[in-house]
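Let's walk through this structure together, from the whole chain down to the ligand. Take a moment to turn the model around before reading on.

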Amino acid sequence: MKSQFLIWLSALALLVLIAVQYIFITETYRTKKDQFDTKFGGLVKDGMIAFNNQDFKFGLDSVLYVLDNLAVDYLFSDPDTLDRSPAQSFQEILMNYRDPEIFLRDHIRKAGEDPVFTYYLQINELFLLDMGFEQQVYPDTIPLPVAPDEALLAGSYNHERNFFRISYDIYINFTNRSRLILNEMWLILALAILTLLLVFTVFYITLRNMLLQKRLSDMKTDFINNMTHELKTPLSTISVASSSLGNRSIIQQEEKVEELSKLIKRQNRHLSELIDRILDINIWEKDQVKLKPEHIHIEGWIRELVDAFSLEQGNASPVLDLQVEIQVETLLLDRVHMSTVINNLLSNAVKYGRSPCRITVNVNDKTGFLSISVTDNGPGIKKEELKHIFEKFYRGQESKQRVIKGLGLGLFYVKQIVEAHEGTITVHSNPGKGAQFNIKIPIENGLIIG
Ligand code: ADP
């Protein structure tokens with residue numbers, strides 16, 4: 001609960017940080033943009049004033065003369081012969097008059113700047129005049145293309161001649177403005193991204209560690225619960241058996257006494273096995289699996305093991321199919337540990353299997369390895385559980401739900417022992433179709449008889 005609260009709090013802090021960084025960056029961008037607009041807006045306006053103050057205005061005069069003739073055409077010609085609106089034609093002619101644009105480019109370059117810009121001429125109003133009458137022809141139903149919102153106003157103009165009156169604005173749009181601004185902001189951007197990345201990484205690592213810790217602590221709690229349960233069963237059997245032994249009528253029945261004493265012995269052995277396992281775990285934690293390797297006749301050993309296992313199961317014995325195809329006769333193995341490994345796999349196949357339980361044990365040495373596989377016809381293992389089953393204390397969801405006894409140590413033990421023999425263990429499973437455990441131990445393993 002506490003850790004969940006912490007996770008949410010950290011996630012919230014992260015979100016706030018992202019929001020703050022976002023606001024900071026957009027604000028900086030806006031300020032830089034304002035600075036850019038003020039600087040270049042001033043430069044452009046000054047440029048246009050300088051252009052207007054030029055003595056030499058013949059260029060504009062001749063354009064206005066052409067426009068006046070055009071106005072006459074629109075006033076007195078048959079409208080059907082003119083394929084475009086007066087505003088369209090006026091705009092085109094004014095745009096073709098490139099002197100202001102060329103002047104501006106020069107002016108900006110002289111100021112030591114080199115931004116790329118597009119030149120716009122936007123007509124506001126256009127009137128055709130005829131002997132005191134005026135006819136507004138723009139704005140009309142066909143709007144002309146306008147400058148984009150971010151374009152800067154360079155100057156506003158009004159011209160009047162005999163047959164027309166026009167007012168228009170000249171705009172300049174710096175197309176590489178965003179890039180220029182972002183170039184100036186690279187350090188801020190890089191630092192912001194770096195901060196976010198660092199915080200993300202720290203958050204991720206902390207979260208992962210927290211979840212790992214939680215999982216470990218959950219597994220330990222599970223283990224203690226299971227252990228308590230496992231210990232209680234033999235203890236209570238011993239307690240019942242010993243109080244029965246105190247019963248006079250039972251003492252007199254020799255057979256019963258013998259049976260009870262066997263029961264106590266069995267439970268006692270079970271108890272000491274459980275305690276041994278816990279002790280073993282402590283040893284493994286210090287990385288000290290000590291093997292006692294000996295030359296083992298593989299076929300004889302595995303047959304004996306499988307037969308004994310089958311016998312132990314009594315009436316509930318599974319259908320066991322043993323296939324042995326080996327060339328090598330003996331191999332250096334720790335008999336006790338390796339026997340427990342095979343037994344663990346077999347009892348898991350029975351424990352988690354379904355009835356009738358079928359187990360296939362295949363032993364071969366085809367690839368320079370002794371391969372032992374144990375395949376069952378049980379419910380199999382879910383994909384998300386596969387990667388955890390060899391972890392210490394791990395128990396599958398179903399084993400907990402079906403209350404199947406266990407400590408979550410069996411496969412952990414198997415893996416430790418196989419690896420101590422320089423081997424590997426893998427598992428393949430399709431849920432619903434059983435599980436297959438494969439052990440591979442190099443025939444030329446480096447174990448030494450000690
Ligand atoms: P335990 O049997 O005490 O739970 P193990 O380490 O032997 O511990 O097994 C870990 C988990 O792997 C089991 O809880 C079970 O979910 C799963 N498992 C092991 N063997 C099989 C199998 N043959 N079929 C299905 N699930 C298995």
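**From the whole protein to its ligand**

Of the 450 residues in the protein, 36% count as buried, where buried means under 20% relative accessible area with a 1.4 Å probe, counting protein chains only. This is a predicted model, in which local features need pLDDT of at least 70 and side-chain atom pairs count only at pLDDT 80 or more, while totals for chains, interfaces and linings use all residues. Residues are numbered from 1 along each chain as its sequence is written, and side-chain values use heavy atoms, leaving out hydrogens and water.

Next, look at the overall outline. The C-alpha atoms fill a box of roughly 145 × 50 × 45 Å along the principal axes. The protein's secondary structure comes to 13 helices and eleven strands; these are DSSP runs numbered from the N terminus, with helices (H or I) of at least four residues and strands (E) of at least two.

Now zoom in on the ligand. Among the 19 residues around it, Y352, R395, S399, G408 and L411 come nearest, and a residue is near if one of its heavy atoms lies within 4 Å. Helix α10 (335-352) and helix α13 (410-420) each supply at least two residues of this shell, with α10 giving the largest share, four residues.

Which atoms of Y352 lie 2.5 Å from an oxygen atom of the ligand? The answer is an N or O atom in the side chain of Y352. For N348, a polar side-chain atom lies 2.9 Å from a ligand oxygen. In G408, a polar backbone atom is 2.8 Å from an oxygen atom of the ligand. Such polar contacts are pairs of N or O atoms within 3.5 Å; within protein, one must be able to donate a hydrogen and the other to accept it, and residues adjacent in sequence count only if both atoms are side-chain atoms.

Technical notes:
Buried < 20%, exposed > 50% of the residue type's maximum accessible area, 1.4 Å probe, protein only.
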